[in-house]
Amino acid sequence: MKILKTLFSKTKNYDVHFCVKNIDQFFSEEELARYSSALLSKKNVHFQEYHCQNKCEECRVNPYALVNGKFIKADSPDDLLKKLLQKVEG
């Protein structure tokens, strides 16, 4: 039954990957709390943190995340959250 629900689910799942170094560089504790309540608590969003994602040039300049393998960057953590929410909410 779980397989059928997965195959015919109308809700798309999203894998969101963060770089720990990027988080440490750009995100405050308050911003991380907003991410947790607004994005990471969604059932269709699965997230993972990596020590490094080999995107060092981008990592030094902007906050970013990978969503289902697609690179998404922003000028600030708040802008990134908005972009990520738009992506996962359609």
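The model is predicted, and local features are reported where pLDDT is at least 70, side-chain atom pairs count only at pLDDT 80 or more, and totals for chains, interfaces and linings use all residues. Residues are numbered from 1 along each chain as its sequence is written, and side-chain values use heavy atoms, with hydrogens and water left out. Helices (H or I, at least four residues) and strands (E, at least two) are DSSP runs numbered from the N terminus.

E1 and E3 run antiparallel and are joined by two bridges, while E3 (residues 64–67) pairs with E4 (residues 70–73) in the antiparallel sense over four bridges. Some of the bridge partners are listed here.

| Residue | Bridge partner |
|---|---|
| His17 | Leu66 in E3 |
| Tyr64 | Lys73 in E4 |
| Ala65 | Ile72 in E4 |

The hairpin of E3 and E4 has two residues between the strands, and in this hairpin Asn68 takes a positive phi near 50°. E3 is covered on both faces, with Tyr64 and Leu66 buried on one side and Ala65 and Val67 buried on the other; buried means under 20% relative accessible area, exposed over 50%, and partly exposed in between, with a 1.4 Å probe and protein chains only.

**Helices H3 and H5**

The axes of H3 (residues 29–40) and H5 (residues 77–89) come within 11 Å and cross at roughly 10°, and the two helices are therefore roughly parallel to each other, a term for angles under 35 degrees. Their contact (heavy atoms within 4.5 Å) involves residues including Tyr35 and Leu39 of H3 and Leu81 and Leu84 of H5.

Within H3, Glu31, Tyr35 and Leu39 are buried, and they lie on the same side of H3 because they cover an arc of only 45° around the axis, the arc being that of the directions from the helix axis to the C-beta atoms. These buried residues pack against E1, H2, E2 and H5, whereas the face turned away from the buried side carries the exposed residues Glu29, Glu30 and Ser37.

Key
Axes fitted to C-alpha atoms, helices over the stretch in contact; angles between N-to-C directions. Parallel < 35°, antiparallel > 145°, perpendicular 65-115°, else oblique. Pairing = 2+ DSSP bridges.
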